[in-house]
Amino acid sequence: MAVIRWREGLMMVVASILLVFSFFELLDAAHEAFDVRQHLSTVSRYGAVKDIVDDSFVHSNIPGDCNPIHLNLVARHGTRSPTKKRMRELDNLAARIQVLLSEAKRIPEQHDLISQNIPAWLWGWESPWKGKIKGGQLISLGEDELYRLGIRVRERFPDIFSEEYHPDVFTVRTTQVPRASASAVAFGMGLFSGRGSLGEGRHRAFAVTSESRASDTMLRFYDCCQSYKQFRKSQEPAVDKLKEPILDDITSALAIRYGLNFTRQDTASLWFLCKQEASLLDITDQACELFHPLEIALLEWTDDLEVFVLKGYGKSLNYRMGVPLIEDILQSMEQAITAKEEEHVPGSYEKARLRFAHAETVVPLSCLLGLFLEGSELEKIQREEPLQLPPKPPQRRNWRGSTVAPFGGNNMLVLYSCPANNSSKYFVQVLHNEHPIPMPGCDNSDFCPFEVFKERIVKPHLKEDFNTVCNVDLGQVEEKLKEPENKPVVWFLYLFFFFFSSTCS
């Protein structure tokens, strides 16, 4: 028995080594094409990641007699500046870097290493946001993302947006957070451009409505759900614990590489700086170049892990509290079908419901729709069972924050009328970041009969309403997080990484 276990262990080790070597071959081949801007989790800007899709998925060919009659959009705000708290973190990082450099200069044997290995930009570096008092606002890049999205949506669905504007025909809703409302305005300026009489762009005024933060169960349900707020607070330390081994290993690698006494917090702050520089400023040759591609992949995974556990499939409460949103989407479709069946006069019924919110809104909706699942996980989420954590690099995973909820990330649910279809006259197509995406609840099709969409995808989540879900005792929602059972792979990954680094530097 001991020999069998030894052989099984040896086979696992060999498999891990082969996996690592194949990953390094892949990295070596793709190193020149590696674009860090596509690996920034939810800090990724929309233009860098919106066209990253699963090439193996063949989207549906929509029959020619099918016409779009209604559109639901739920979009995250566009690219924003760091919050005030995170700007202070970068100011602290600047001071800390200068302390580390001063310490290194005082060690005689470090002089050669300093001159050879420490990047020049670190000397005298200051945060690009130094002196800023306010943060978190939509920046011009984010405005452009949403403006152009509005134009593309109108061009893609001219039948829906051909009618004269009326706030009851094209409803625009947003949270009361300025970056979300500004995103709604930017989108609307693109969507309705050329349709008015204001300025050279012939813009027009349009209505944007919002609910109070304290009662917005449609778009800020996470702020109104006490059970969720307690759950999140209880699990944040556990998520930090899961990240620590990765941060510690990379911290050790950075210390060896640059001869500076980095701490875990230094590494976390440098990674945050990398994401801000690459996404907001298009700077990829400073903080991001401190890390090797493999390290970036692992840091990206830690961010994706946090999104998964605290906002996504890690706990059913994360998305069950979003039931008011998916109910509203379903209701809007049913109203559109009624208007079609009863031949209501054009201009007398809604044709698009456009919502602008946050990652904490888009991610739960994606989960309610069953997007980005692995294999047969749909049955688990409909039974409200937690899913396994996303696998670590170099293993492949569907769950990537950069595609699930980048800045400007969005889900569109388009209702089609197909009068010639004998089995169903109405279909729902789901587009994620403007691309068709498979729905496991509809046999992995992106084009789903409305009744199937209603019964298989929406209805299983309607067993309990928002108030029931959000007043559950914490003891019933808290679950212990476990680290993925693939530590041998990561151990060998780092063993060979250090060997790789020492032989190639």
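Which cysteine forms a disulfide with cysteine 225, and how far apart are their sulfur atoms? The partner is cysteine 470, and the two sulfur atoms lie 2.1 Å apart. The points below set this pair in its context.

1. Basis of the note. The structure is a predicted model, in which local features need pLDDT of at least 70 and side-chain atom pairs count only at pLDDT 80 or more, while totals for chains, interfaces and linings use all residues. Residues are numbered from 1 along each chain as its sequence is written, and side-chain values use heavy atoms, with hydrogens and water left out.

2. Disulfides overall. A search of the whole structure returns 4 disulfides, the term being applied to a pair of cysteine sulfur atoms within 2.5 Å. A disulfide is a covalent bond between the sulfur atoms of two cysteines. With the bonded cysteines of the protein chain numbered in sequence order, the pairing reads 1-5, 2-8, 3-4, 6-7. Cysteine 224, by contrast, takes part in no disulfide; its nearest cysteine sulfur belongs to cysteine 470, at 8.3 Å. Cysteine 224 counts as buried, at 17% relative accessibility. Here buried means under 20% relative accessible area, exposed over 50%, and partly exposed in between (1.4 Å probe, protein chains only).

3. Cysteine 225 and cysteine 470. The link between these two residues is left-handed, with -105° about the S-S bond. It connects distant parts of the chain: cysteine 225 sits in the loop between α7 (221-224) and α8 (226-258), and cysteine 470 in helix α17 (residues 466-470), 245 residues apart. Helices (H or I, at least four residues) and strands (E, at least two) are DSSP runs, numbered from the N terminus. Both cysteine 225 and cysteine 470 are buried.

4. Cysteine 66 and cysteine 418. The sulfur atoms of this disulfide are 2.0 Å apart, and the link is right-handed, with 125° about the S-S bond. Cysteine 66 belongs to the loop between α2 (46-49) and β1 (67-76) and cysteine 418 to the loop between β5 and β6, so the pair ties together parts 352 residues apart in sequence. Cysteine 66 is buried at 8% relative accessibility, and cysteine 418 is buried with a relative accessible area of 0%.

5. Cysteine 274 and cysteine 288. In this disulfide the sulfur atoms are 2.1 Å apart. The torsion about the S-S bond is about 100°, so the disulfide is right-handed. Cysteine 274 is in helix α9 (residues 264-281) and cysteine 288 in the loop between α9 and α10, so the parts tied together are 14 residues apart in sequence. Cysteine 274 counts as buried at 0% relative accessibility, as does cysteine 288 at 3%.

6. Nonpolar cores. A nonpolar core is a set of buried Ala, Val, Leu, Ile, Met, Phe, Trp, Tyr and Cys residues joined through side-chain atoms within 4.5 Å. The largest such core has 102 residues, of which Phe291, Tyr313, Leu369, Trp399, Leu415 and Phe453 touch the most other members. Helix α10 (residues 293-311) gives the most to this core, with 10 residues. Apart from it lies another core of 31 residues, including Leu146, Leu149, Ala186 and Cys418. Beyond its neighbours within four places in sequence, phenylalanine 291 is in contact (heavy atoms within 4.5 Å) with Ile250, Leu254, Arg257, Thr267, Leu270, Trp271, Ile296 and Leu299.

7. Helix α16. Within α16 (residues 450-458), Phe450, Phe453, Ile457 and Val458 are buried. They cover an arc of only 70° around the axis, which puts them on the same side of α16; the arc is that of the directions from the helix axis to the C-beta atoms. The elements covering the buried residues of α16 include α12 (323-341), α13 (359-368), α14 (377-382), β5 (410-417), β6 (426-432) and β8 (447-449).

8. Strand β4. Of the 6 residues of β4 (residues 352-357), 6 are buried, so the strand is largely enclosed by the rest of the structure. In a regular strand the side chains alternate between the two faces of the sheet. Both faces of β4 are covered, with Ala352, Leu354 and Phe356 buried on one side and Arg353, Arg355 and Ala357 buried on the other.

9. Pairing of β4. Two strands pair if DSSP finds at least two bridges between them. β1 and β4 pair in the parallel sense over 6 bridges, and alanine 75 stands opposite phenylalanine 356 in β4. Strand β2 (residues 170-174) also runs parallel to β4, joined to it by 5 bridges; the bridge partner of valine 172 in β4 is leucine 354.
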